[in-house]
Amino acid sequence: MKAIRIHDFGGPEQLRLEEIDCPVPGPGEVLVHNRAAGVNPIDWKTCSGGGASSFIESMPFCPGWEFAGTVESLGEGVDQFRPGDEVLGFTNFPHAAGCYAEYLVAPADQICLRPAALDPVSAAGLGLAGLTAWQALFEAGEFKSGQSVLVLAAAGGVGHLAAQLAKCKGAYVIGTASGTNKAFLQSLGCDDIIDYTRQHVENLIHDADLIIDGVGGEAAIKALDCLNPHGRMVTLPSVTAAEVIAAGEAKGVKVCGIRARPDAAQLHELAMLASSGKVMLTLADSLPLEQAAEAHRLSAQGHTRGKLVLTIR
Ligand SMILES: NC(=O)c1ccc[n+]([C@@H]2O[C@H](COP(=O)([O-])OP(=O)(O)OC[C@H]3O[C@@H](n4cnc5c(N)ncnc54)[C@H](OP(=O)(O)O)[C@@H]3O)[C@@H](O)[C@H]2O)c1
């Protein structure tokens, strides 16, 4: 089968298209004939030696943690799926999952059936970003209906799903993005839109109950002033989480980081919301698997609108 792999950490030039053996499902796993794989910032960060690289036990490494495909065969003890089932998943994170490939093995308890109304390319982009948004809002963020939620980087992979999820669960949603994404944020249902290239969110918002921070660093620290005294921030970029948490402590507001984790039940709920059109995954672009390096270059520019997805013939 074809797979994209790196043999050394480095830039997109390290990604090679290779012909390798098809994996074999172990107990509790399924073999999936992959149709599409989502691309996330963690993919290129890990390939370059940051991100989740400390969890990558051996080289070569095949990137990618989310996918949509068809169940090909079952490992021992799997009885909840059958060959031919259409599935999606976010699996094994932060250990290698090998989704940039024609076939992959996935733990059966980390995948769910793909509703027919949800196309496989969109489904492939839903897992990692969607579960990050879900867990940031409803677990770490302890979101309650009626709250005011500020999403920093609301046009990004996580942000555009977090904004829609918060809106459909009854939030007043404020989103930040550059001016070119104003209409996009409106289409997501944002009640208030702040162009971070022209306005300072910390001068405009002072009563947010919850901030979902997809930017990190200085921007996140400044945005702490947007919280009401009982508010909290969930900061996503792990590389700056410690400094943002420390700044929150100094200001007396709650800040926490998270690491998204696979959860098939939550993924199923997300897939149902996506198939009913209540939460729409926006595709920034879909590129063939062979162009994974270009997808990493695009993602690293930091201006993806929605999700990038690799398609597999
Ligand atoms: N902790 C976890 O488990 C976890 C999970 C998923 C993601 N993450 C991290 O969370 C961050 C966001 O992930 P993602 O997938 O949403 O990234 P992404 O899709 O690459 O985000 C791109 C978006 O960021 C926006 N943006 C860039 N600079 C901005 C700024 N200063 N203010 C507001 N918006 C800005 C861009 O909007 P414009 O084009 O309008 O500038 C673009 O739409 C990444 O650092 C990622 O690694 C962490």
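I worked from a predicted model, in which local features need pLDDT of at least 70 and side-chain atom pairs count only at pLDDT 80 or more, while totals for chains, interfaces and linings use all residues. Residues are numbered from 1 along each chain as its sequence is written, and side-chain values use heavy atoms, with hydrogens and water left out.

**Domains.** I found the protein chain divided into domain 1 (2–126 + 281–311) and domain 2 (129–257), with bounds that come from an automatic or database domain assignment. The centres of domain 1 and domain 2, taken over C-alpha atoms, are 27 Å apart. Contact (heavy atoms within 4.5 Å) involves 12 residues from domain 1 and 12 residues from domain 2.

**Interface.** I looked up the buried area (accessible area, 1.4 Å probe, that two parts lose on being put together, summed over both), and for domain 1 and domain 2 it is about 870 Å², 53% of it on carbon and sulfur atoms. On the side of domain 1, L126, R305 and G306 lose the most area to domain 2, together 44% of what that side buries.

**Rings.** I noted five aromatic pairs in the structure, counting rings of Phe, Tyr and Trp (its six-membered ring) with centres within 6.5 Å, where planes under 30 degrees apart are stacked, over 60 edge-to-face and the rest tilted. One of them, W65 with F93, is edge-to-face, at 5.2 Å centre to centre and 85° between the planes.
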